[in-house]
Amino acid sequence: MEAFWISLAVIFVAELGDKSQLMALTFATRFKAWPVIAGITIATTVVHLGSVAIGGLIGDALPTKAINIVAAIAFFGFALWTLRGDELTDEESQKASRTTRNAIIAVTVAFFLSELGDKTMLATITLATQHDWVGTWIGSTVGMVAADALAIVVGRLLGKHLPEKIIRYGAAAGFALFGAILLFEALR
């Protein structure tokens, strides 16, 4: 359960202000919310299963202290990445807006491709080096889907009046905090 809750919290925070939330909003303006959430869930489940497999292999091969230091550095990097911000490219935005086929398939493929190498995938790999893979997989998947579902709901309610900077700074602070905790544990 610890792996589940830690992964859920970290990935939820990581997803705040991420381009995946922008994609979810874009798809939700064209399709009903449930097919969009279903597509996000399918893609995230597959990507994060691969992520925990990679993280589990790395975690078994390296000593805990080294993993904590590398994980702390990774989380500090995620904090900087989040501060930099994330935007949809024109191509990504056009793909989301012109897709007219089955919504679930369109969203699943788009999210699967956009998540490969994304910070949430890398964060899931990092978490899986230290925690149970099943809890990490389920927690990271639930965290990402919850964050994207929240973006859809809030986006529909508030439109363009979202405080993007506050969300971005809060998410970056969360990553920095997780990085500091991991560094403290490694050096203790």
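## Helix packing and a nonpolar patch

Helix 3 and helix 6 sit oblique to each other. This comes from a predicted model, so keep that in mind for what follows.

Here is the geometry behind that label. Two packed helices are described by the angle between their axes and the distance between the axes. For helix 3 (residues 33-61) and helix 6 (residues 103-115), the angle is about 40° and the axes are 7 Å apart. Angles under 35 degrees would count as roughly parallel and 65 to 115 as roughly perpendicular, so the pair is called oblique. As for handedness, helix 3 and helix 6 make a right-handed crossing.

Now for the surface. Which residues form a nonpolar patch there? They are Leu49, Trp133, Val134, Ile138 and Val142, and together they have about 390 Å² of accessible area. Helix 8 (residues 133-158) is the top contributor to the patch, giving four residues.

One of the patch residues, Ile138, is found in helix 8. Elsewhere, Leu122 belongs to helix 7 (residues 119-128). Buried, exposed or in between: where do Ile138 and Leu122 fall? The table has the values.

| Residue | Relative accessible area | Class |
|---|---|---|
| Ile138 | 40% | partly exposed |
| Leu122 | 33% | partly exposed |

Buried means under 20% and exposed means over 50%, so Ile138 at 40% counts as partly exposed, and Leu122 at 33% is partly exposed too.

Note on methods: Residues numbered from 1 in each chain as written. Predicted model: local features only at pLDDT ≥ 70, side-chain atom pairs only at ≥ 80, totals over all residues. Heavy atoms only, no water. Patch = residues over 30% accessible without salt bridge, like charges linked within 9 Å, V, L, I, M, F, W, Y side chains within 5 Å. Areas by Shrake-Rupley, 256 points an atom, 1.4 Å probe, with all protein chains shown as cover. Salt bridge = Lys/Arg side-chain N within 4 Å of Asp/Glu carboxyl O. Helix = DSSP H or I, 4+ residues; strand = E, 2+ residues; numbered from the N terminus. Buried < 20%, exposed > 50% of the residue type's maximum accessible area, 1.4 Å probe, protein only. Axes fitted to C-alpha atoms, helices over the stretch in contact; angles between N-to-C directions. Parallel < 35°, antiparallel > 145°, perpendicular 65-115°, else oblique. Left-handed = near helix turned anticlockwise from the far one by under 90°.
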